[in-house]
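Colleague: Before I rely on any label in this model, I would like to hear how each one was assigned. Could you take me through the values and the cut-offs behind them?

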Amino acid sequence: MAAYTASHTGERGKDAEGEAVWTLAQLAEMFQEWIICGWQEREHDGLRHPMMPRCVLSPNEMWAALVAVCGYVPVPLGREDYIELMPLKRQKINDYGIRIDYRTYDHKVLNPYRSERSSAADGLWEIHYAPHAPGQVWVRLPKPDQPRGYEW
């Protein structure tokens, strides 16, 4: 891999600054490409063809086999679907707001819910966040006049 630093910076080579240096976004894109083209193309012992149990498949081959048997209906995701697919934390809304991974999130819309229990059985609030875009979080707040009974 270009820009390899070895075990310490003294072993970086003659022109380490002139070699390729990637941003975190570029590294994330390369990792996602490896998952699709590398990991998902390898056979996994736990994936077996539904009609031929001795046939070991890759995740991509298993997807194709199941789509051939069951079919596929593409359903576009809406804003709320994307929010609900993000990682979830259940916690209190404190007087300072919400703290996730040493980051504090606060907004005036949280004022009525500070130190209050949610209507969930555990009394905690449902908070979704994007780990790679930590600029905001989404809190499921009650809103009886909405069709779903809540808003983000």
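Modeller: Let me start with a surface patch: Trp22, Leu24, Leu27 and Met30 make a nonpolar one of about 380 Å². This is a predicted model in which local features need pLDDT of at least 70 and side-chain atom pairs count only at pLDDT 80 or more, while totals for chains, interfaces and linings use all residues. Residues are numbered from 1 along each chain as its sequence is written, and side-chain values use heavy atoms, with hydrogens and water left out.

Colleague: Why is methionine 30 called partly exposed?

Modeller: Buried means under 20% relative accessible area, exposed over 50%, and partly exposed in between (1.4 Å probe, protein chains only). Methionine 30 has 31%, and is therefore partly exposed. Its place is in helix α1 (residues 24–37), where helices (H or I, at least four residues) and strands (E, at least two) are DSSP runs numbered from the N terminus.

Colleague: Why is aspartate 101 partly exposed, and why is serine 115 exposed?

Modeller: Aspartate 101, in the loop between β4 and β5, has a relative accessible area of 49%, so it counts as partly exposed. Serine 115, found in the loop between β5 and β6, has 62% and is therefore exposed. Aspartate 101 has a positive phi of about 50 degrees although it is not a glycine, and serine 115, also not a glycine, has a positive phi of about 60 degrees.

Colleague: What makes the largest nonpolar core a core?

Modeller: A nonpolar core is a set of buried Ala, Val, Leu, Ile, Met, Phe, Trp, Tyr and Cys residues joined through side-chain atoms within 4.5 Å. The largest has twelve residues, among them Ile93, Leu110, Trp125 and Leu141. At least two residues of this core come from each of β4 (98–100), β6 and β7 (137–139), and β6 gives the largest share, three residues.

Colleague: Which residues does leucine 110 touch?

Modeller: Leaving out residues up to four places away in sequence, leucine 110 is in contact (heavy atoms within 4.5 Å) with Ile93, Gly97, Ile98, Tyr105 and Val139.

Note on methods: Patch = residues over 30% accessible without salt bridge, like charges linked within 9 Å, V, L, I, M, F, W, Y side chains within 5 Å. Areas by Shrake-Rupley, 256 points an atom, 1.4 Å probe, with all protein chains shown as cover. Salt bridge = Lys/Arg side-chain N within 4 Å of Asp/Glu carboxyl O.
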